[in-house]
Amino acid sequence: MHIRLEKFNHNRRQKRYYALHLTETLFGEYCLVREWGVIDGVGQETRTYLTASEMAVKEIERVKTRKLKDGYAVIPVQLGMFS
């Protein structure tokens with residue numbers, strides 16, 4: 001699961017992104033990767049490991065809801081043709 005959110009505020013000269021990636025590890029856990037930063041700039045990343053998929057989906061929805069309230073908009077993730 002991949003979710004990308006972006007925020008543009010021209011008055012404040014902001015152009016930011018926030019990305020969420022959910023993958024299953026080899027050990028059956030779920031890894032939630034959060035990436036954020038300035039578009040066309042250097043970003044940051046953090047990883048959270050969760051034991052159940054339900055917990056991971058709830059965490060994604062919680063973060064997504066908070067970011068939407070902060071002015072971010074969901075951007076469709078475009079995957080490569082051969083990836």
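Reader: Start with a loop. Where is the place of Asp-40?
Author: Asp-40 sits in the loop between strand 3 and strand 4. Bear in mind that this is a predicted model.

Reader: What is the phi of Asp-40?
Author: Asp-40 has a positive phi of about 65 degrees, although this residue is not a glycine.

Reader: Buried or exposed, that Asp-40?
Author: Exposed: the relative accessible area of Asp-40 is 75%.

Reader: What do strand 3 and strand 4 form around that turn?
Author: They form a hairpin, with 4 residues between the two strands. The pairing of strand 3 with strand 4 is antiparallel and runs over 8 bridges.

Reader: Back up a bit. How many helices and strands are in the chain?
Author: The chain has 1 helix and 5 strands. Along the sequence they follow the pattern β-β-β-β-α-β.

Reader: And what is the strand order in the sheet?
Author: The order is 4-3-2-1-5, in an open sheet with antiparallel pairing. Strand 4 (43–50) and strand 5 (73–75) are the edge strands, each pairing on one side only. From one strand to the next, the twist averages 20 degrees.

Reader: Over how many bridges does strand 5 pair with strand 1?
Author: Strand 1, residues 2–9, pairs with strand 5 over 3 bridges, in the antiparallel sense. Arg-4 stands opposite Ile-75 of strand 5, and Glu-6 stands opposite Ala-73 of that strand.

Reader: Over how many bridges do strand 1 and strand 2 pair?
Author: Strand 1 and strand 2 pair over 8 bridges, again antiparallel. Asn-9 has Gln-14 in strand 2 as its bridge partner. These two strands also form a hairpin with 4 residues between them.

Reader: Which residue in that turn has a positive phi?
Author: Arg-13, at about 55 degrees. Arg-13 is not a glycine either. Its relative accessible area is 79%, and Arg-13 counts as exposed.

Reader: Which residues of helix 1 are buried?
Author: Ala-56, Glu-59, Ile-60, Val-63 and Lys-67 are buried in helix 1. They lie on the same side of the helix because they cover an arc of only 100 degrees around the axis.

Reader: What covers them?
Author: The cover over the buried residues of helix 1 includes strand 1, strand 2, strand 3 and strand 4.

Reader: Which exposed residues are on the face turned away from the buried side?
Author: That face of helix 1 carries the exposed residues Glu-54, Lys-58 and Lys-69.

Reader: What happens just after helix 1, at Gly-71?
Author: Gly-71 takes a positive phi of about 105 degrees there.

Reader: Now the core. How many residues are in the largest nonpolar core?
Author: The largest nonpolar core has 12 residues, among them Ile-3, Leu-5, Tyr-18, Leu-50 and Tyr-72. Ala-56, Ile-60 and Val-63 belong to this core as well.

Reader: Which elements give two or more residues to this core?
Author: Strand 1, strand 2 (14–24), strand 3 (30–38) and helix 1 (53–69) do.

Reader: What share of the chain counts as buried?
Author: Of the 83 residues, 29% count as buried.

Reader: And the contacts, what share is between residues 24 or more positions apart?
Author: Such pairs account for 34% of the contacts with a separation of 6 or more.

Reader: Last one, for the figure legend. What does the C-alpha trace span?
Author: Along its principal axes, the trace spans about 45 × 30 × 20 Å.

Key
Residues numbered from 1 in each chain as written. Predicted model: local features only at pLDDT ≥ 70, side-chain atom pairs only at ≥ 80, totals over all residues. Heavy atoms only, no water. Pairing = 2+ DSSP bridges. Axes fitted to C-alpha atoms, helices over the stretch in contact; angles between N-to-C directions. Core = buried A, V, L, I, M, F, W, Y, C linked by side-chain atoms within 4.5 Å. Buried < 20%, exposed > 50% of the residue type's maximum accessible area, 1.4 Å probe, protein only. Arc of directions from axis to C-beta. Contact = heavy atoms within 4.5 Å.
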